[in-house]
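User: I'd like to go through this model with you, one question at a time. Ready when you are.
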Amino acid sequence: MSDYIPYGRQDITQADIDAVVTVLQSDWITQGPSISRFEQAVADYCKAKYAVAVTSATAALHIACLAAGLGSGDWLWTSPNTFVASANCALYCGAQVDFVDIDAKTYNLDIEALEQKLLVAELQGNLPKVVVPVHLAGQSCEMERIAGLSRKYGFTVLEDASHAIGARYRGQPVGNCQFSEMTVFSFHPVKIITTGEGGMVLTNRDDLYEQLIRLRTHGITRNEHLMTEASHGPWYYQQLDLGLNYRITDIQAALGWSQMQRLEEFVGRRRQLAARYNESLSGLPISLPHQHADTLSSWHLYVVRLQLDELRLTHRQVFELLRAAGIGVNLHYIPVHTQPYYQQLGFNWGDFPEAEQYYREAISLPLYYGLSETDQNRVFATLKQTLM
Ligand SMILES: *Cc1c(COP(=O)(O)O)cnc(C)c1O
């Protein structure tokens, strides 16, 4: 029996373990100095003014939507080709969700479709308040064009960069918020760096930052300048909004800070492995990932699409044969609008055909920092054998 190769996994060193143990032996295991050190490291790397660490990217998306003022009667638009959290964040705020179909080449939100949908929405008076571009697999969306549309139509841009820490757009780090109000990262173990569970919101705006740090901790402030009356004393705080407890622990933040020290190494290795896939898989009846000239992906995922008319097997058969051979392939993503919860909100199969066509053909191959060339060669060989 050969070993199972997962599609993604974390890489933890002794230095990571030591960083966590140091926190466990210190006075602060939550709300201590490790959190701001981690936030500063990410903000510096991304060239953003502020970073707010929270318990997950889902929590980050939620408070980012709240900070954007999203509420009942408002709309959030995102890509159907994403994890459900990119859309659910609107529903948490009592807002409504709609989707913009994907581009056939990049699999990211299609800018022309977005532009068309905005034209119609303007006439109908239901323009979105927030648009969430998702940088699928680590490849940035065309942010300058999205920012242009946001100025024209007045929506807030919230980047779901859960896949994309370490990626670049026009030579600059994703997360710098040059073309958005806020950017969210995920630190789930399959993502580029990990804190176990964790997420972060980055922004350059002072007002949003103030709201985000309050929303992370019950809507409470200890900043006297923000209080509605003079402080009652050293114990005093005020609750100004209905926030949540989305605080990350110092234990997790220490792991995150330690992992940040290797971000370039992580992403560099992923790029090497992606290049090896590109070389070895050309000539097979599959479409390899297309890269837009303005982007440098962090390669969270390596997604191929089967050219089904050239195969005698179905998508599912290929998937099952690979799994049976110990290759932990996966599928990113089931179009969100086809989930039963979203169908019950009125969406149906057929609503976003490009995302659905992608779903019928896509397979994510194993890709992670610790993937050995021997194991990757086994993926090539198994795939070739299965498809030829
Ligand atoms: C992983 C992921 C999320 C959610 O991240 P968590 O940290 O697990 O909450 C959101 N959006 C996308 C695109 C993701 O891949």
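User: Which strand holds Thr183?

Analyst: This is a predicted model, where local features need pLDDT of at least 70, side-chain atom pairs count only at pLDDT 80 or more, and totals for chains, interfaces and linings use all residues. Residues are numbered from 1 along each chain as its sequence is written, and side-chain values use heavy atoms, with hydrogens and water left out. Strands are DSSP runs of E, at least two residues, and helices are runs of H or I, at least four, each numbered from the N terminus. Thr183 falls within residues 182-186, which is strand 8.

User: Is Thr183 buried or exposed?

Analyst: Buried means under 20% relative accessible area, exposed over 50%, and partly exposed in between (1.4 Å probe, protein chains only). Thr183 has a relative accessible area of 0%, so Thr183 is buried.

User: Which side chains make polar contacts with the side chain of Thr183?

Analyst: A polar contact is a pair of N or O atoms within 3.5 Å; within protein, one must be able to donate a hydrogen and the other to accept it, and residues adjacent in sequence count only if both atoms are side-chain atoms. At 3.0 Å there's the side chain of Glu159, and at 3.5 Å the side chain of Ser180.
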